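Subject: Handing over the structure, with notes

Dear colleague,

I am passing this structure on to you, and I would be grateful if you read the notes below with the model open beside them.

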Amino acid sequence: LRLKDIPWDQALDIIMQSKGLGVRKNGNVLWIAPKDELAAKEQVDLEAKKKVLRSFTYGLYVLTAKDGDEVAAGTVNWVTQASFQPPLVAVGLKRDSHLHALVERTGKLALMTLAHDQKAIAQDFFKPTVREGDRLNGHPFEPSPTFGLPLLTELPYWLEAEVRHLYPGGDHSLVVAEVVEAGVRREEKPLVMWDTGWFYGG
């Protein structure tokens, strides 16, 4: 190869192409290796990242929102308390969902914790929301005391919250909301993702 008077980055590219090499940048470090080795390493890194993210512990919840007669409900699991004072919760919501649209539009949400034996209810709210009278996806609900949002009466714990921040991320937004009302119907062990055999992460 004759590389005289060729800028170093172009020369490097020419050499790598002629030798079947690939390059990946990590900070200020360039990793140069055969392309198939780099692809294999990326696959291993991807699998490790997926396993680590799936090791995070999550509960399972049903979140609802309402705008007039328009109602949305869905099972969510990326939920955590984010502050004692004021009491804040943070929720990851899929950006292309109806639930996200209503929460963004109204700035209000209701969140209910599923009990350990309510996996079937969680499954029912993976589906699009269907309202029939006082039922959502076949489950009874009542209006919340402050915002009139649907509260599923079978679920043991509930809260209402008002959105304080909404941060668009990748395919989900991070919603930070302040709890304005909460209630306990009965004491129950919560349903957690690990016990279901499901994964939503990675």
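Predicted model: local features only at pLDDT ≥ 70, side-chain atom pairs only at ≥ 80, totals over all residues.

Residues are numbered from 1 along each chain as its sequence is written, and side-chain values use heavy atoms, with hydrogens and water left out.

Helix α1, residues 8-19, has twelve residues and spans 16 Å from its first C-alpha to its last, which is close to the 16 Å expected at 1.5 Å a residue, where the expected span is 1.5 Å times one less than the number of residues. Just after α1, Gly-20 adopts a positive phi of about 70°.

Trp-8, Val-23, Leu-30 and Ile-32 together make a nonpolar surface patch of about 390 Å². Patches are made of residues with over 30% relative accessible area and no salt bridge, with like charges joined within 9 Å and nonpolar side chains (Val, Leu, Ile, Met, Phe, Trp, Tyr) within 5 Å; the areas come from the Shrake-Rupley method with a 1.4 Å probe, and for residues only the protein chains shown count as cover. Val-23 has its place in strand β1, residues 21-26, and counts as partly exposed because its relative accessibility is 30%, given that buried means under 20%, exposed over 50% and partly exposed in between (1.4 Å probe, protein chains only).

Two buried residues come next. Thr-64 lies in strand β3, residues 61-67, and counts as buried because its relative accessibility is 0%. A polar atom of the Thr-64 side chain is 2.8 Å from the backbone oxygen of Pro-150. Leaving aside neighbours within four places in sequence, the residues in contact with Thr-64 (heavy atoms within 4.5 Å) include Ala-72, Leu-99, Met-112 and Pro-150.

Ser-144 is in the loop between β10 (139-143) and β11 (150-152), and its relative accessibility of 4% is why Ser-144 counts as buried. The Ser-144 side chain reaches the backbone nitrogen of Gly-148 at 3.1 Å, and makes a polar contact of 2.5 Å with the side chain of Glu-160. A polar contact is a pair of N or O atoms within 3.5 Å; within protein, one must be able to donate a hydrogen and the other to accept it, and residues adjacent in sequence count only if both atoms are side-chain atoms.

As for charged pairs, the structure holds eight salt bridges, each being a side-chain nitrogen of Lys or Arg within 4 Å of a carboxyl oxygen of Asp or Glu. One of them joins the side chains of Asp-67 and Arg-105 at 2.9 Å, N to O. This pair links distant parts of the chain, with Asp-67 in strand β3 and Arg-105 in helix α3 (residues 98-106), 38 residues apart. Asp-67, Glu-70 and Arg-105 are linked in a network of salt bridges.

Arg-164 meets Glu-162 in a salt bridge at 3.7 Å, N to O, and meets Glu-178 in a salt bridge at 2.9 Å, N to O. The latter pair links distant parts of the chain, Glu-178 in strand β13 (residues 172-184) and Arg-164 in strand β12 (residues 157-168), 14 residues apart.

Technical notes:
Helix = DSSP H or I, 4+ residues; strand = E, 2+ residues; numbered from the N terminus.
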